[in-house]
Amino acid sequence: MKINEKNLYVFARTPPFDMEGFLSKRGEVNKAFQRRYFVLKGNLLFYFESRVDKEPLGLIIVEGCTIELSNEVDNYCFEIAFNGNRTYILAADNQESMEAWMKALTCAGYEYKRIILAELKRQLHELEDSRNKVIGNAIEGQGASEEAKPRPPPRRTNPFNRPAPPPPDSSLRGGVVMSPLPFINGYFGSSNARMQQEKLMFKKDANGNGSPNGTPRVQRRPTQPPPTATTIFYPETVNNNQSNISVAERQRRRAEALDDFSRSHERFREELMPDVSAYRERQGQPLIQL
């Protein structure tokens with residue numbers, strides 16, 4: 001793969017950085033330690049002569065190598081060892097800096113990230129399996145409980161049930177019970193039902209009595225004849241038995257009735273017609289317009 005050096009230099013000096021700081025590096029020809037400024041971005045480790053330099057002195061690709069402590073005992077040294085190739089020996093200023101750099105370089109390689117990714121996938125699969133198992137057990141337990149629990153039969157409703165009427169003292173208006181329910185034909189409070197009850201009460205039994213309870217007919221209250229309407233103009237009529245009256249007597253009574261009707265009609269005209277005539281004169285127009 002071809003790498004453009006200018007683009008690589010810009011990439012090396014463009015933040016953010018995974019880690020940066022001064023370290024001492026042992027040279028390949030001159031074995032003395034030289035202080036350099038290191039920048040870690042991903043798996044690329046750049047080192048500069050100073051902090052303000054724009055072009056790096058070198059680049060170390062942290063892949064296929066091991067990060068381990070060095071045999072140097074005088075300084076806080078560690079090394080980046082490639083199998084069969086060059087080994088870079090670096091020295092930090094103190095123990096904390098050395099451990100931080102070794103940890104950052106160990107986590108920078110692709111192989112390390114691949115192992116971490118595989119481990120995270122394994123943990124994710126275990127969590128999903130455990131969650132599916134819990135959900136499956138819950139569903140099985142719920143299904144078993146529903147099967148074990150007997151279901152009650154469906155409740156049937158009686159279509160002939162009707163609401164009871166309100167008590168008499170619930171709402172009285174002028175001594176009359178005002179029910180909040182609407183009038184329903186056939187309701188036990190309606191006239192139709194009352195008539196049916198009266199028919200049942202006065203139904204004759206086999207002995208000729210007037211009710212199923214055995215009430216004799218002679219004990220029932222006799223019905224009163226409807227009163228005859230009377231007026232001041234017409235006398236009361238007497239309903240006598242006319243089966244034994246002769247023809248002459250009937251004609252005489254008829255003549256008397258006609259005379260009485262004529263006298264009553266004339267009396268009516270004498271008493272009421274003056275008022276009717278005065279009313280017509282006040283109106284100035286006939287009572288009926290044709």
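Predicted model: local features only at pLDDT ≥ 70, side-chain atom pairs only at ≥ 80, totals over all residues.
Which residues is Phe-78 in contact with, leaving aside its neighbours within four places in sequence?

View 1. Leaving aside neighbours within four places in sequence, Phe-78 is in contact with Leu-23, Ile-67, Glu-68, Leu-69, Ser-70, Tyr-88, Ile-89, Leu-90, Met-98, Trp-101, Met-102 and Leu-105.

**View 2. The largest nonpolar core, with 20 residues.** Phe-78 is among the residues with the most contacts inside this core, together with Leu-45, Ile-80 and Leu-105. At least two core residues come from each of strand S2 (33-41), strand S3 (44-48), strand S6 (76-82), strand S7 (87-92) and helix H2 (95-108). H2 gives the largest share, 6 residues. In soluble globular proteins, nonpolar side chains tend to be buried together.

**View 3. A second, separate core of 7 residues.** Among the members of this second core are Val-39, Leu-44, Phe-46 and Phe-48.

**View 4. A nonpolar patch on the surface.** Tyr-112, Ile-116 and Leu-120 form the patch, and their accessible area together is about 260 Å². Ile-116 lies in helix H3, which covers residues 110-148. Ile-116 counts as partly exposed because its relative accessibility is 35%.

View 5. A disulfide is a covalent bond between the sulfur atoms of two cysteines. The count for this model is 0 disulfides, with sulfur atoms within 2.5 Å as the criterion.

Notes:
Residues numbered from 1 in each chain as written. Heavy atoms only, no water. Patch = residues over 30% accessible without salt bridge, like charges linked within 9 Å, V, L, I, M, F, W, Y side chains within 5 Å. Areas by Shrake-Rupley, 256 points an atom, 1.4 Å probe, with all protein chains shown as cover. Salt bridge = Lys/Arg side-chain N within 4 Å of Asp/Glu carboxyl O. Helix = DSSP H or I, 4+ residues; strand = E, 2+ residues; numbered from the N terminus. Buried < 20%, exposed > 50% of the residue type's maximum accessible area, 1.4 Å probe, protein only. Core = buried A, V, L, I, M, F, W, Y, C linked by side-chain atoms within 4.5 Å. Contact = heavy atoms within 4.5 Å.
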